[in-house]
Protein chains: 2
Amino acid sequence: MNLTDLPTPCLVLDRGILKRNLLVMANTLKRLGVPLRPHMKTAKSIDVARLALEGQPGGITVSTLAEAEYFSSHGITDILYAVGITPQKLDQIGKLNAAGADIIVITDDLDTAAAIAAHPARPRTLIEVDSGEERGGLLPSDDRLLEIAHRLGSCLVGVMTHAGHSYSGRSVSDMERVALQERNAVNEAAGRLRQAGHRADIVSAGSSPTARHAQNLTGLTEVRAGVYMFGDLFQAEIGTHGADSIAVTVLTSVIGRRPGRVLVDAGGLALSKDRSTQDAPVDYGFGLALDLAGRPSYGAAIVRRAYQEHGVIEMEPARPIDLPVGGRLRVAPNHVCMTAAAHDRYYVTDGGQDVVAVWHRTNGW
Amino acid sequence: MNLTDLPTPCLVLDRGILKRNLLVMANTLKRLGVPLRPHMKTAKSIDVARLALEGQPGGITVSTLAEAEYFSSHGITDILYAVGITPQKLDQIGKLNAAGADIIVITDDLDTAAAIAAHPARPRTLIEVDSGEERGGLLPSDDRLLEIAHRLGSCLVGVMTHAGHSYSGRSVSDMERVALQERNAVNEAAGRLRQAGHRADIVSAGSSPTARHAQNLTGLTEVRAGVYMFGDLFQAEIGTHGADSIAVTVLTSVIGRRPGRVLVDAGGLALSKDRSTQDAPVDYGFGLALDLAGRPSYGAAIVRRAYQEHGVIEMEPARPIDLPVGGRLRVAPNHVCMTAAAHDRYYVTDGGQDVVAVWHRTNGW
């Protein structure tokens, strides 16, 4: 099977680039002396998880209970569900843990802490800390930190944070600064807990940009990161990886031709409507068109409009896409987590255009 | 089963609102004397298709070959695949037609027309006409129209257009004007074909706003529309339906609370990153929060930020969302076609909060 045989649109994963991205992150964290708990929310694939776990302790991070169920059914037991738990979801956690998983949950809420401690599942729990993103979590100085710890009792095993505001950074020094905030916030919270006699065995932090650019991770017991595995146009722009390190692209066919542009069968569903690069130095619209080999042969050929199943690629006059209807392109995604989520599988290549494997994804909730 | 029992996030479909929306469109087109070929790209559900086809000839429109396969496997045979065909996809069309379907394809391309005529499948084909959207299709005056007709030979059965630029309209008079453009363009193309001795049995046009607001559809043999079935915040803003006619919402749980906002477990994947309302009179961000009964009890409580699995709802100070972690909301979508696509099923209600059915969706390609 070759890229020219596949139904379009579909997702192509270059295993060589994936492995290189995994190696860069593994080496970065090895140098800093902290193991990785890879976040599987981007890849949602056991095949990718196995590669990402090479040389690591074996725990993963997930963003949905569907992922938790999928990965535990494939033998991964140490799973951090890194979205604030609700009391109602504890039954499902209990079911999965009873079947062999050991899912860790997170909370920043007093009543939920009490509900966790009172639930028969009594899962291991981390308190979520806000290191500057202002999404979930308590500030490390928040009075409620110790009260939540008290309510969790022996369920409490540590703290976690995600410095998602690293995505607003635009330079290496920005990322270094946010990585320091992230580390300091979670260390401060862990320190307060320990001082009050609580456990903080796990001190977990991470985002791909901060994991990549941190100078010192002292105090952390693990780093979480996910999008680094595949990379995308936005992560390239904020310096998480180079422009040639995007492992996942959308294979698409030309379905119409007009002066200055081509119409393709990858629209808002196949590419997602994510506009991450809108405020980055280069606005890539809904994605950048590459040739079938994945090279940027068409310069700034950008998907400027995305309808449900139609994408409109505007071409550089000097580098036209001279393909007939049925001709094929690959589109590098703005934000690969969002793009990949519409697809149920990866067609895996290894540098060339031959499909060497098909890997399943687990979507939904 | 009740809305309070469901795993979140998930998709809720109010059958009563759906039926009312279907009736409004059916009555509108009945008055204008044109049958409906409902577009199933929004609903992607055989249960919805059956309701939408009541009193209609029985043909549908689809946006993917996966939909074509799904609906034909459920006994619907007259299917218009309304995305420009590529030569490579003809094999799949042939396979489905050999199994009992009668899929109509569209093209605006000379070489593709020749490929269609030469392929053993020889599917019925419409020439795509551009009525002002500037996406796919030929202008009705284009010289290539007759050449494509010539190449298609007996595969040619008519013309079609989609006035997607109706989405830029903001008033009833805008929609009436675009509906007239849409009708005139496709009638002009059909007239030229007939004058040259070709067949134009099918003269197909439509979008939800133009179908809803057209004053006269003389010459059309059918109208295509899809999003009207469910409705969304954007369609309400451009006048396709009222604000109380949104049949599909995303059920979500509160996972965090902060002054002025709540964090919910419906993020960019569950809601989509579509920002249709950005340039409409009211910008609803990534959706509008409703109470569990689907009422706008919280005023302008808008999902302002959408991460992969987290949504941040900013509240009106005077109408706070006073729910604990685990409390439930429903979010009305910006663009329901995009939102629904992340979900594999509808939890169907009928005015209340009891789940009266679960309907499957067919996603992907």
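1. Helices (H or I, at least four residues) and strands (E, at least two) are DSSP runs, numbered from the N terminus. The model is predicted: local features need pLDDT of at least 70, side-chain atom pairs count only at pLDDT 80 or more, and totals for chains, interfaces and linings use all residues. Residues are numbered from 1 along each chain as its sequence is written, while chains are lettered from A and ligands numbered from 1 in the order in which they are written.

2. Cis peptides. In chain B, the bond from B:Thr8 to B:Pro9 is cis, with omega near -5°; B:Pro9 sits in the segment before β1 (10-14) of chain B. In chain A, a cis peptide bond with omega of about -5° joins A:Thr8 and A:Pro9, and A:Pro9 is placed in the segment before β1 (10-14) of chain A.

3. A:Lys44, in the loop between α1 (15-32) and α2 (46-52) of chain A, has a phi near 45°. A residue is buried if 20 or more other C-beta atoms, placed from the backbone, lie within 10 Å of its own, exposed if 12 or fewer, and partly exposed in between. A:Lys44 counts as buried because it has 28 C-beta neighbours inside 10 Å. A:Glu134 also has a positive phi, near 60°, and lies in the loop between β5 and α6 of chain A. With 14 other C-beta atoms within 10 Å, A:Glu134 is partly exposed.

4. The sheet of chain A. Two strands pair if DSSP finds at least two bridges between them. Seven strands form an open sheet in the order β2-β3-β4-β5-β6-β7-β8 (chain A), with parallel pairing. The edges are β2 (60-62) and β8 (222-223) of chain A; each has a single partner strand, so one side of each is left without a neighbour in the sheet. Strands β3 (residues 78-81) and β4 (residues 102-107) of chain A pair in the parallel sense over three bridges. A:Asp78 has A:Asp102 in β4(A) as its bridge partner.

5. Helix α7 of chain A. The expected span of a helix is 1.5 Å times one less than its number of residues. The 24 residues of α7 (residues 172-195) of chain A should therefore span 34 Å, and the end C-alpha atoms are 34 Å apart, which agrees. Its buried residues include A:Met175, A:Glu182, A:Arg183, A:Asn187 and A:Leu193. Two residues are in contact if their C-beta atoms, placed from the backbone, lie within 7 Å. The buried residues of α7(A) pack against β5 (125-129), α6 (144-152), β6 (156-161), β7 (202-205) and α8 (208-213) of chain A. Just after the helix, A:Gly197 takes a positive phi of about 90°.

6. The interface. On chain B, 45 residues are in contact with 45 residues of chain A. Elements α5 (110-118), β9 (248-258), α10 (268-271) and α11 (336-340) of chain B each supply at least two residues of the side that touches chain A. The largest share, three residues, comes from β9(B). That side of chain B divides into 17 nonpolar, 17 polar and 11 charged residues, where Ala, Val, Leu, Ile, Met, Phe, Trp, Tyr, Cys and Pro count as nonpolar, Asp, Glu, Lys and Arg as charged, and the others, Gly among them, as polar.

7. B:Tyr81. Leaving aside its neighbours within four places in sequence, B:Tyr81 is in contact with B:Val62, B:Leu65, B:Ala68, B:Ile103, B:Ile104 and B:Val105.
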